[in-house]
Amino acid sequence: MTTWEAINSVRVIRDFAERPLSAEHEGRILNAARRTGSSKNEQTWAFIVIRDRDHLRELTAVGRYADHLAGAAMAVALVTPDESAGWRNTRMWDLGRAAQSMVLAAWEVGIGSAPATVFEPELAGRLLGLPAGRRCNYLLSFGYPADPSELTAPNKRGGRKPLDALVHEERW
């Protein structure tokens with residue numbers, strides 16, 4: 001699969017097969033995050049890997065749309081410094097890049113994923129055992145799709161704005 005094929009075909013998968021990820025595939029996903037560039041090479045992030053089913057079920061309580069975590073083979077909590085008093089936008093950029101690297105690395109080897117936004121950060125912190133000064137705003141679930149045909153399904157019609165509605169030459 002080329003980079004463009006991965007970008008053009010990736011989709012969110014929320015229903016997973018009940019089987020663990022291979023160690024090779026897990027390593028590839030996590031190394032994709034590790035290899036992602038960060039602003040000034042600060043690498044202020046940390047990644048917590050969760051495989052335990054009971055723990056995954058507990059984590060569904062951190063957000064309204066986090067139910068997919070319960071069925072995942074693995075989840076990755078994206079952890080950053082807690083800068084609620086003075087947020088640095090570059091850290092969110094860095095985290096988004098790392099998340100997309102993991103999603104694309106997973107997709108290339110037939111693994112689906114879905115993001116979960118944390119609406120209950122204190123609960124997430126307790127469940128993840130975060131030290132003071134660290135925060136988790138997002139988790140990613142990973143697993144082989146329950147329906148393997150989702151890996152090769154054509155893109156849905158619509159859903160994406162046309163390029164000329166998004167890209168402007170020099171000025172809006």
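His68 touches Arg14, Phe16, Ala114, Pro115, Ala116 and Ser141, leaving aside residues up to four places away in sequence; contact here means heavy atoms within 4.5 Å. The model is predicted, so local features need pLDDT of at least 70 and side-chain atom pairs count only at pLDDT 80 or more, while totals for chains, interfaces and linings use all residues. Residues are numbered from 1 along each chain as its sequence is written, and side-chain values use heavy atoms, with hydrogens and water left out.

His68 sits in the loop between helix H3 (53-59) and strand E2 (74-81); helices (H or I, at least four residues) and strands (E, at least two) are DSSP runs, numbered from the N terminus. With a relative accessible area of 6%, His68 is buried (under 20%, 1.4 Å probe, protein chains only). Its side chain makes a polar contact with the side chain of Ser141 at 2.7 Å (N or O atoms within 3.5 Å, one able to donate a hydrogen and the other to accept it; residues adjacent in sequence count only if both atoms are side-chain atoms). A polar atom of the His68 side chain also lies 3.3 Å from the backbone oxygen of Tyr65.

Notes. Buried < 20%, exposed > 50% of the residue type's maximum accessible area, 1.4 Å probe, protein only.
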